[in-house]
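Here is a quick tour of a structure for you to follow on screen.

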Amino acid sequence: MTMPVTQCLIKLHEAHHQLEDYQGGVPRWCSGCGDNAILTAVQRLCRDEDLAPERTVFVSGIGCSSRFPHYMKTYGFHGIHGRAFPIAQGVKMARPDLAVFVNTGDGDCCSIGAAHWIHAIRYNMNLTVILHDNQVYGLTKKQASPTSPIGMKSNTTPRGSYLEAMNPLTVTLGVTNVSFVAQAVDWIPELLYDIIRKAYLHRGFSFVRIIQRCPEWLPKQFEPWLHDPGKTLLLTHRDGLAISPELARTYRNQIEHDPLDMNRAREIASATDPIPVGILYRNPSVPCYEDLHGVGEVRTAEQVRAGLEAEFDKVTVWPQDDGARAAA
Amino acid sequence: MDTVARFDEQRLFFSTGRRHGEGLDAVDGLGLRPALLAGYRDLARLRYDYPVVLVGTGRDAGEVRALSSVIDDVLREVAPRGLEGEKLRKHVLRLEREIRALTASGARRTLAELWGEAAQRLASPRDPSAQEVLAGIGDKLDLDGWVADCDAGMPADVVTHLWQAAQKRKAKAFRRLVDRLVVRLSDILRAAFIQSAVGRQPETLRATLGGSYKDAFDFGAMSKLLTRNVPHDELPPARRQRIEWALQVLQTQPFYVDEHLAGRPGVPEQLAFRFTDCASAAEACRARLPKLAEVVKAIAIAELEADGRYADAKHDPFFAHFDESALTPEDVVLFPDYLVCIPAGENDAPRNAGLMDILSAGLPVKVLVETTDLVEEASAGAGHFPFGVRAARLANTATGLGGVYVVQTAASNLYAMRERVAKAFAHHGAGLFSVYVGTGAEGALPTYLAAAAAMESRAFPAFAYDPHAGATQAARFALEDNPQPEADWPVEPLEYADEALQRVRQEMPFTIADFMLCDRRYASHFARIPRERWNDAMVPADEWLALDAKRAGDKVPYVLAVDGEDVLQRVIADSRLMQTVVRYRTFWHRLQEQGGIHNSHAEILLAREKAKWEEARAKEREEPAPGSAPAAAAAPATAPAAGKAAEPPAPEPAEPQRNPDEAWIETSRCPSCNECQNINDRMFKYNENKQAYIADVNAGTYRQLVEAAEICQVAIIHPGKPRNPNEPGLAELVERAKAFL
């Protein structure tokens, strides 16, 4: 089997990367923060998929999790509150050849950025989205976020929050053109990595909600789930997660779920206890926006000039025409 | 004359090909045709694959559609169920017949034109609305293109149409690639210019601003501001030269010229890739190879530059010696295919003598060869064979060249094999389309019938060979486009009225003898036997072929034919013709073997294995009587006859045995939160996946182990027992550690 000259040359001088090649600054997250586990999983993914750092971009909004791009030795864009999605979409439109990740928190995505979130799902551009959901505004020192459970006391809800929490999974599954939805928890690193990898490999808008601990402001929030494996429900399927025997021995609460079954996915997504972990929905046949819009519409400067001239010619009145008409 | 005398005359004819006596009539001039073709006198009244529409615009552009399928689509749209729909349906089907008749008479027009003309011809005073209605339906056609009937010119039209569609797709992909690279390279040069000293001069900055606001800016001050403290970042001369060279090559390549820019100064002329002889195509292909290599080199350099991967030290030596010898098939597939449509009478022209050479050279050339003459006797008479090989064997010979995509078919079947032809243009090497188009002689059958007869009779079987379809011959070779490919001859039902006017149905094979009866050149090999001289020694040709030599000597083969009045006739064939039939049947058998049908190797192997199996069964039967058999041997007989024995459940992996006195971490569950490392980063380290393990238990105290276990959010650190009995506060620490043992 042969390959084109360019591929041959690229293959010949291919660089392989180590985990350290993706490690940027030392994380400033609080000690024990679940963001660390996500950072490690993503760095492992970059290494294992051999993503070229100069062709990889992490885009974030505002919040603890949105410091993520600082800790990746790749391109990054620490954006403004709630605007990670449009920035990432712009990057992808301009450079579809780049691997684009979005790191967003529950406040950044589900509150101020909710409008962008909904439409980003609908556009189904090829982005890997990681929602770091610790159910609290941590950077601003404990205010209730849209995903805070009812009754949670915080600086903005001293008597406990009044509203039922928003479920980012059911919201995402309800939007037209949704193509990939998964849920992970930061305290099972093996599955966290596998789910993020599956999300990256899916072509389309891959949405991964990661339930993560905030040891600083909600240290007890997930203790029951942390210490009782029975409260975690693993979703298995023949082309789903790779669950090791060791993990299967600990997490025995498993059900088989076909990721193409949207109705079942919505049912499972609605459950909060036990926490479902795995791929809820995956449909590779949903078209990506970049495949529908402007496909192959590259225009060189000469083509643009020729096109403009042709258009101008339609309405141009040439002086000699006037002269000829006058003479006539 | 008695029966024996009649048979002797027939035997004599069979042996010598000479007619003696009154009981043998010459067939020339009798207008005979094989009985199975009796129902196909007026093709215009039949709905079949032809004519075809070479769709040029609208839905399915680039495809080849049968007129009948286009009409069916129209009927589905416009003719609702019920009386009104039925009326419309009749109108449209009459119009289809008119179009068929028009094309059969040689009309060469588009579907829209033919539709209009046919509608006009159907106008009648009795039904004045018909023309209007049909014209209205014609306006709703969502496709248009040239209509081609099954004649000698049709294969070239169809192949060229499919080739053009493939080239359009290739052109689109190529232009997308080249335009993308041109934009990327131009961007690099533009960015370099903007950052250069010249790019920041006041005049340059002024030129970048359009409109009437130029006076509002102080470009001198702007220039100073932009040049101050800015690092010198000029493009290295070698890189600039390389990018400019690649850009120039891509912008002036003549393989796929941008149709919007064609004719402008500096834009090269589009090269031609369609030829009518092999020599011209080969010369053009070879002459253009250096230019093609140059474009491939420019693409490779541009790709590397656009990705920022070009490294002078690594890539310069490679590109310094880059020429056509470095091209890979994947590079060449980007460029246009050369198409050679050899006119039917030009097969043995000297400029086509190199056909086998260009096919075997792996050049991206696709050649259409139209064959008009199949039976070898005629070729031998001409003194030489086209392309150095008999026409009927050409395609099969080409499959042996390696890497050549081959399609052989009769013209009548070309529509059915259009996807295989289209697929050939995705194949990056050479290709051969060998198509039988009938003799075209005066008084011969129409092309469609002659071609169909050639294929049905196995004189010119259809097959396709795709060298890249898979690793096995079974994947590469396809014979299924033939009717009843597993049989020697296809068998079709023939219905007729006998002398008592009773309906008779008979299964009739269609042999090469039937096919040769259609060709006047072989008339001397046949003799019609008047009905009163029919006898039991006359047997159908296929049955005669199945006889052994001794019995065959007592019989004479005949073919069932019909005359112009559709009266059944028996026509006996001579031995020379039957030898040809045998030769072609042998050739068909070879093709069948290639296609996996009656494969002799497989059959021998199967027979051998079957014999072994039977031998084993016989031995089993000879074993001692039941009851004396050992228990172990009897055991399988009691097992369920069908289905697999239930497999024992896979044992759950056992947990590794650990010494509870030793400290350890469940590394695979570590969420990398740094808590333990913050306590002692020599004792706790990360592995290659950045998950913690105990690197050196002696690098810290037992207290640190216990504290790490307590602070670990996921409780995966197990401190074990103290190693230093003198460590202070041990009793309390051991108590705290109990929760993590």
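In what order do the strands of the three-stranded open sheet of chain B run? The order is β4-β3-β5 of chain B, and the pairing is antiparallel. Before we go on, keep in mind that this is a predicted model.

- β4 (64-66) and β5 (143-148) of chain B are the edge strands, and each of them pairs on one side only.
- Go from one strand to the next and you'll find a twist that averages 40°.
- Strand β3 (residues 52-58) of chain B is joined to β5(B) by six bridges, in the antiparallel sense.

**The seven-stranded sheet of chain B**

- Chain B also has an open sheet of seven strands, which you can trace in the order β6-β7-β8-β10-β9-β11-β12. The pairing here is mixed.
- β6 (274-275) and β12 (477-478) of chain B are at the edges with a single partner strand each, so one side of each has no neighbour in the sheet.
- Strands β8 (residues 365-371) and β10 (residues 431-436) of chain B run parallel, with six bridges between them.
- One spot to check is B:K366, which has B:G431 in β10(B) as its bridge partner.
- Now find α10(B), which lies across β6, β7 (338-342) and β8 of chain B. It runs at about 170° to β7(B).
- Helix α17 (residues 447-456) of chain B packs on the sheet as well, touching β9 (405-410) and β10 of chain B. Its direction is at about 115° to that of β9(B).

**How chain B is divided up**

- Chain B has domain 1 (3-40 + 492-581), domain 2 (51-148), domain 3 (158-209 + 232-330) and domain 4 (664-740).
- If you want a sense of scale, the C-alpha centres of domain 1 and domain 3 of chain B lie 67 Å apart.

**Chain A as a whole**

- Chain A has 13 helices and 11 strands.
- Its C-alpha trace spans about 95 × 55 × 40 Å along the principal axes.
- Chain A has 328 residues, and 45% of them count as buried.
- Take the contacts in chain A between residues at least 6 apart in sequence: 66% of these join residues at least 24 apart.

**A covered strand in chain A**

- Is strand β1 (residues 56-60) of chain A mostly covered or mostly open? It is mostly covered, with five of its five residues buried.
- Both faces of β1(A) are covered. A:T56, A:F58 and A:S60 are buried on one side, and A:V57 and A:V59 are buried on the other.
- β1(A) pairs in the parallel sense with strand β3 (residues 99-105) of chain A, over five bridges. It also pairs in the parallel sense with strand β2 (residues 75-78) of chain A, over four bridges.
- A:V59 is a handy landmark: it stands opposite A:V102 in β3(A) and opposite A:F77 in β2(A).

**A covered helix in chain A**

- Helix α2 (residues 35-48) of chain A is mostly covered too, with 12 of its 14 residues buried.
- You can check the length of α2(A) yourself: at 1.5 Å a residue its 14 residues should span 20 Å, and the end C-alpha atoms are 20 Å apart, which agrees.
- Just after α2(A) comes A:D50, with a positive phi of about 55°.

**Where the two chains meet**

- The contact takes 38 residues from chain A and 44 residues from chain B.
- On the side of chain B that touches chain A, the elements giving two or more residues are α6 (154-195), α10 (278-306), α11 (312-320), α12 (329-332) and α25 (675-679) of chain B.
- α6(B) gives the largest share of that side, seven residues.
- By type, the residues on that side of chain B divide into 17 nonpolar, 12 polar and 15 charged.

Technical notes
Residues are numbered from 1 along each chain as its sequence is written. Chains are lettered from A and ligands numbered from 1 in the order in which they are written. This is a predicted model: local features need pLDDT of at least 70, side-chain atom pairs count only at pLDDT 80 or more; totals for chains, interfaces and linings use all residues. Two residues are in contact if their C-beta atoms, placed from the backbone, lie within 7 Å. Ala, Val, Leu, Ile, Met, Phe, Trp, Tyr, Cys and Pro count as nonpolar, Asp, Glu, Lys and Arg as charged, and the others, Gly among them, as polar. A residue is buried if 20 or more other C-beta atoms lie within 10 Å of its own, exposed if 12 or fewer, and partly exposed in between; C-beta atoms are placed from the backbone. Domain bounds come from an automatic or database domain assignment. Two strands pair if DSSP finds at least two bridges between them. Axes are lines fitted to C-alpha atoms, for helices over the stretch in contact, and angles run from 0 to 180 degrees between N-to-C directions. The expected span of a helix is 1.5 Å times one less than its number of residues.
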